[in-house]
Amino acid sequence: MDVTRATAVLDANWLGTSTVPSRALYPHQWSWDSAFIAIGLRHRSPARARRELLTLFSAQWPDGRVPHIVFDPATPPEAYFPGPGFWRAGRTSGIVQPPVHARAVLAVHEAEPDRAFLAELYPKLVAWHEYLRGKRDFGGHGLAAIVHPWESGMDNSPAWDGPLSRVPPAAGFVRRDLEHGRAADRPSDEDYGRYVRLAADYRDSGYTDGGAFVVEDPGFNALLADAELALAEIAEQLGLPSDAHREAAARVAKALQETLWHNGFFFARDVRTGSLTPQYTCAGLLPLVLPDLAVAPALLATATGPRFGLGRVHGVPSYDLTAPDFDPGRYWRGPSWFNIGWLVRQGLLHHGEHALAERLRADLLETAAATDFAEYCDPLTGTGHGTRSFSWTAAVTLDLAQPA
């Protein structure tokens, strides 16, 4: 199962209080990466998994947001762009990433119960979710909106092409990512220029939520609903009321289906135009993590159909296999990512698809080992892309390798 090699990856990427996704390409702490890393680490060192999450939440903002990057002060500023000098937010960035943290906190606690750990993080998680459900509900539907593509965790997803077209690209910056990754595997210069423009405008507004890019993402909101369910379980462990969290999860799940569900799939919605984006991306499969999803049979039909080929390809493609602009090697425009495969497998288990879940588990383990724990892979060939020795790939390997 390559547990030893996976453990070695996480050990090599450990900074002492947190884990970097990659020593070269991503030399700081990333928010949703750390959640997946903690889920894997709990099997080898629950204490280190707890430290991973406590370090991240030590950088939480007063308004409740959990920043998408916590910068390592020992790393030279020129190692990553945009770094702390760009964001002007102290030791963090100013945007967020998907709220998978409550699920990670609960998993770490279950591996080695620690009531003090839960008690410390519970109010922080509550504040984080309240920020998302309150200040980010621009559409008025009860869904959290993202204000930058990076907040989705799926940076250059084709679903962002329409909303991003309103944003003029910035110029005059140096892309550090291309020093460590192939240009063909990374977002285009034009897309990156738009990311920088959006981030600079957000920063210059004093991080006032809003802007040119405001999108309701089905993946982000499905993970928020699931996080509220996890928070309910955490509350119960602490002897606290849990009904409010379950009710919040139900409201988000209901809004997802009423607002983003169309013709057998969940699509993102551009809040500025009110229109659903037409692209089929893996974000639309993530509502499968919700156990009471009424439309699960129809969504599973799409997942196993020609657009995603679940069970017949490697992992879960990030984009529609039948689309003319499908690219099996470029970041979130086609390749399969191991954390998405882990999440979809959880959804398959929730909905009784045990044989398909086992097929996906076996493929993820085999492909991760064969690619030296690549960042992502070609769904058609299994060829690794991006950086190697990637932390969340190693972490989900550790979790998937555990006995059922």
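Is Cys 377 buried or exposed? Cys 377 is buried, with a relative accessible area of 2%, where buried means under 20% relative accessible area, exposed over 50%, and partly exposed in between (1.4 Å probe, protein chains only). The structure is a predicted model, in which local features need pLDDT of at least 70 and side-chain atom pairs count only at pLDDT 80 or more, while totals for chains, interfaces and linings use all residues. Residues are numbered from 1 along each chain as its sequence is written, and side-chain values use heavy atoms, with hydrogens and water left out.

Strand 10 (residues 376-377) is joined to strand 11 by two bridges, and the bridge partner of Cys 377 in strand 11 is Gly 384.

As for the cysteines, a disulfide is a pair of cysteine sulfur atoms within 2.5 Å, and by this rule the count comes to zero. Cys 282 is in no disulfide, since the nearest cysteine sulfur, that of Cys 377, is 12 Å away, and at 1% relative accessibility Cys 282 counts as buried.

Charged side chains give another view of the fold. Side chains of opposite charge can pair when their charged atoms come close. The structure holds 23 salt bridges, a salt bridge being a side-chain nitrogen of Lys or Arg within 4 Å of a carboxyl oxygen of Asp or Glu. One of them joins Asp 204 and Arg 88 (3.7 Å, N to O); Asp 204 lies in helix 8 (residues 189-204) and Arg 88 in the loop between helix 4 (84-87) and helix 5 (101-111), so the pair ties together parts that are 116 residues apart in sequence. Arg 88 counts as exposed, at 59% relative accessibility.

Arg 136, by contrast, is buried, and so is Asp 209. The side chains of these two residues meet in a salt bridge (3.2 Å, N to O), and because Arg 136 lies in the loop between helix 6 and strand 3 and Asp 209 in the loop between helix 8 and strand 4 (215-216), the pair ties together parts 73 residues apart in sequence. Arg 136 also forms a salt bridge with Glu 151, the closest N and O atoms being 2.8 Å apart, and Glu 151 is likewise buried.

Conventions: Pairing = 2+ DSSP bridges. Helix = DSSP H or I, 4+ residues; strand = E, 2+ residues; numbered from the N terminus.
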